[in-house]
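Please read them with the structure open.

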Amino acid sequence: MRFHHFALEVSDLTISKTFYETFLGFNESCRILFENEEMIFLEQNGFRLELSQKKSDGEIGERTHFCFEVDNLDEKMKEMRERDIPSFEGPYTLDNGWKTIFYLGPDKEVIEFLEVI
């Protein structure tokens, strides 16, 4: 298992992308469309930052999460079931073939596991 990315929900994708590129030296690595939601991945020195557009009037950050890349998502899901840890959301297969699922940690922090195909 490897750290894959940290995700932020932002109020304006363009402004946030420009900020992280201009002031912190990130570069766009890819864009993904999932359920009509655009996500922008930025990278700097091997660190990935996912930006997604805030959907509702709720607080920014309600979909903030960190993600670990796994070699086999089915095995990770089996391990979590065996430990009686239910999934919070998913699993999903993204348009680019990535497979993902979300769980909650002990303080309701959101943890994503991702298999990059």
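The points below take the sheet, then its helices.

1. Keep in mind that this is a predicted model. Its open sheet has eight strands in the order β2-β3-β4-β1-β5-β8-β7-β6. The pairing is mixed. From one strand to the next, the twist averages 25°.

2. The edges are β2 (27–34) and β6 (89–93). Each has a single partner strand, so one side of each lacks a neighbour in the sheet.

3. Look next at β3 (residues 37–44) and β4 (residues 47–53). They pair in the antiparallel sense, over six bridges. Leu-42 has Leu-49 in β4 as its bridge partner.

4. Helix α2 (residues 73–82) packs on the sheet. It touches β6, β7 (99–104) and β8 (110–115). The directions of α2 and β7 make an angle of about 20°.

5. Helix α1 spans residues 13–24, twelve in total. From first C-alpha to last, α1 reaches 16 Å, close to the 16 Å expected at 1.5 Å a residue.

6. Which residues of α1 are buried? They are Leu-13, Ser-16, Lys-17 and Tyr-20. Seen down the helix axis, these buried residues fall within an arc of 100°, so they line one face of α1. They pack against β1 (2–10), β2, β3 and β4. On the other side of α1, Thr-14, Ile-15, Thr-22 and Phe-23 are exposed.

7. Check both ends of α1. At the N-terminal end, Asp-12 is the cap: one of its side-chain oxygens lies 3.0 Å from the backbone nitrogen of Thr-14. After the helix comes Gly-25, with a positive phi near 80°.

Technical notes: Residues numbered from 1 in each chain as written. Predicted model: local features only at pLDDT ≥ 70, side-chain atom pairs only at ≥ 80, totals over all residues. Heavy atoms only, no water. Pairing = 2+ DSSP bridges. Helix = DSSP H or I, 4+ residues; strand = E, 2+ residues; numbered from the N terminus. Axes fitted to C-alpha atoms, helices over the stretch in contact; angles between N-to-C directions. Contact = heavy atoms within 4.5 Å. Expected span 1.5 Å × (residues − 1). Buried < 20%, exposed > 50% of the residue type's maximum accessible area, 1.4 Å probe, protein only. Arc of directions from axis to C-beta. Polar contact = N/O pair within 3.5 Å; in protein donor to acceptor, adjacent residues only side chain to side chain.
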